[in-house]
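Please look over the structure shown here. The report is meant for reading beside the sequence.

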Amino acid sequence: EICACLVGSEMCIRDRYIAGICMALSVSSCNYLDIMPDDVVTVNSMFADRYTAERYLATCYRGLPRLGETNRNPGLVGAMEMVYNKTTDMLNNGCMKLALGQNSASANVIEYWQGTDGCYSSIRVCNDFLEGIDQVTDLQQYQRERMKAEVKLIKAYLHFFLIKFYGPICPMRTNVAVNESTQGSRVYREKVDDCFAYVLELLQEVIDSQALPVIITNRATELGRFTQAAAYTLKAKVLLYWASPLFNGNTDYNDFLDHNQTPFFNQVEDKGRWKLAAEACEDAINACAQAGIRLYQREDYVTSHLLTDETQMVNAIRNSVLEPWNCELIWGCTRSMLDPGFQSSCLPRLENGGTAVTVATISLPFSTVNAFYTKNGLPIEQDASYYKDGMYFPVKYSKDNSEFTEHYDFDYNYRYVIENETTAGMNFDREPRFYASVGFDRGVWYGNSYSDPAGDQGTTQAAYRYPKNRFGEFSSVWNSTWYNATGYWPKKLVALRSNFTGSDNVSYYSIPFPDMRYADLLLMAAEAWNEAEESPNEKVYGYLNQVRNRAGLEGIKETYTKYASVQYKDYPSNKSRMREIIHRERQIELSCEGSYYWDSRRWKTAEKELNRIVQGWNVLNGETAEEYYIPTNLYNQQFTLRDYFAPIPDADIIRNPQLVQNPEW
């Protein structure tokens, strides 16, 4: 009981975690968590030799959050960047409940504070490892130091996750011994700055040790273990969050006081933190360069098919996220994968089949779809040439007449939209990342069907696979539970190696969750330098343009000069407007990867952006194009000040009265 008292969490039994090593994850190529013990390790033998120590290390890795599960990773659906349909089974998803404002201190719909899946229980396992690893006699020193660095990094990651989710936390520097007093194990929440300082201290110890490898050389067994680039990147991200408005001079929490009656959050913004974050991003970029980590480019996508430039670009953008262990991945989480069950929720049925081979229950609302740029690389509302009036109307391109119905002023590209079929105006004239990330009714979906043509140069449209989602068609409602609620699918989360092997069977390819990606790091650097300097400079433009150029877009200054409406042309030269541009770029590049949930909070924009009507097409009642393409309200999303942080469970407040609950909970 005393052992469990640290923050009122359930007692963490080390044996439970050691036995849990047996539950290894799998990935199509081997990774570190594939290691399987021959028997269950006991407390007395956990540090008996290198063999058991390695398995205990695997247990520490298994304590990381399950990022590839929508019921555990709040970032995936918690901000309604993606949504489930309104059936009972889908609405019971914990993160959907979180998004719908159904969380409470008495009945947490999702929490990482207590329990065997909580971060504190996992931190305790890390502390046990660090306390005992020196007992192992058959480890070489470099092996021991590497393991220590990895576990410190895991420990830093877990503390950082808690800070993001809860705000002020109780840093667990060491475990409380079972013979210590109950009072000694009841601790206080510490100021946010002190919490960040402890995480940064751990990360600096890891970096200074130089114990992590530059690259993983033993790819047969060690993929998924941390490297130097991961340590530098996590440090950069921690500093970026520490500099952001939610944690830096947040006067909204001026009356949120600790046990000494002083604010948990510093009340005066420290602008110098942005410079620290920018410099840390530079260090991380250099570490990535040393490891050969860079943006995944179109030429990295190797295929025997003869593809047009457009299709090759779309597939390369998808592969930057979905190709396991590619050159852009800094670190992939194998704690839980983007596995067959997850991908089945994102993949539409692409042709008539005898069985329900996909469930297709995860959808993209209009707010996500419309965040993507036009083909000119601008937000829809800022592009002088985009035909906004036709966005929400059904549009058909007639090959015979070489024109659009109703004379809509869109261009047509057969690599993106099926000709002689009707789709929405908003599906035309969009940037390549739109077509790489978003699947839609009558939109080309190349790369997952067994009957895809071997190439698309000069291929007739009849050879393409594409969703048909009007009510009664093969991609639409399969039963009362399995259907896409909005008419848009998250294509970017379906691996190109996952393929229909027939009309009624799919072979899925599991991939590690891309938690740290080089494109994310470049955008972090652009954001930090924009905030650190008086006005945007070439570093800001340079890092931003690397991401844009990879997506086939022109540089930001050139784009606004050539294509923006008059009132927007000076945006790239203005610091606050450049901030908006970078925020939008992150929302697009990292869409559906869980970033927007955390970004909208740290920027303190969630109260503005997440109070909205969540919309999609009329998928349940639209049998014709005219009936289907009607904007339909699905959810009334609400966000208040209290939602920036999750509540501490009431049970923990009762166990440890020294804890202070988060505001308005």
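This is a predicted model: local features need pLDDT of at least 70, side-chain atom pairs count only at pLDDT 80 or more; totals for chains, interfaces and linings use all residues.

Residues are numbered from 1 along each chain as its sequence is written, and side-chain values use heavy atoms, with hydrogens and water left out.

**Cavities**

The structure contains 8 cavities of 30 Å³ or more. A cavity is a set of points, on a 1 Å grid over the protein atoms alone, where a 1.4 Å probe fits but cannot get out; lining residues have an atom within 4 Å of a point. Grid points are joined across faces, edges and corners, and a volume is the space filled by probe spheres set on the points. In the table, Ala, Val, Leu, Ile, Met, Phe, Trp, Tyr, Cys and Pro count as nonpolar, Asp, Glu, Lys and Arg as charged, and the others, Gly among them, as polar.

| Cavity | Volume | Lining by class |
|---|---|---|
| Largest cavity | about 300 Å³ | 11 nonpolar, 3 polar and 7 charged residues |
| Second largest cavity | about 180 Å³ | 12 nonpolar, 5 polar and 4 charged residues |

Of the 21 residues that line the largest cavity, Lys164, Lys237, Asp515, Glu593 and Trp598 lie nearest its centre. At least two lining residues each come from helix H7 (141-166), helix H10 (228-243), strand S11 (511-517) and helix H20 (595-602). S11 gives the most, with 5 residues. Helices (H or I, at least four residues) and strands (E, at least two) are DSSP runs, numbered from the N terminus.

The second largest cavity is also lined by 21 residues, with Leu98, Tyr597, Arg601, Phe639 and Asp643 nearest its centre. Helix H5 (94-99), H7 and H20 are the elements that give two or more residues to this lining. Here H20 gives the most, with 3 residues.

**Hairpin**

Strands S9 (residues 499-502) and S10 (residues 505-507) run antiparallel and are joined by 3 bridges; two strands pair if DSSP finds at least two bridges between them. The two strands form a hairpin with 2 residues between them, and Asn499 stands opposite Ser507 in S10.

**Cysteines**

The structure has 0 disulfides (pairs of cysteine sulfur atoms within 2.5 Å). The sulfur of Cys195 is too far for a bond because the closest cysteine sulfur, in Cys170, is 7.8 Å away. Cys346 is likewise in no disulfide, and the nearest cysteine sulfur, that of Cys592, is 7.9 Å away. Buried means under 20% relative accessible area, exposed over 50%, and partly exposed in between (1.4 Å probe, protein chains only). Cys195 is buried at 1%, and Cys346 is buried at 0%.
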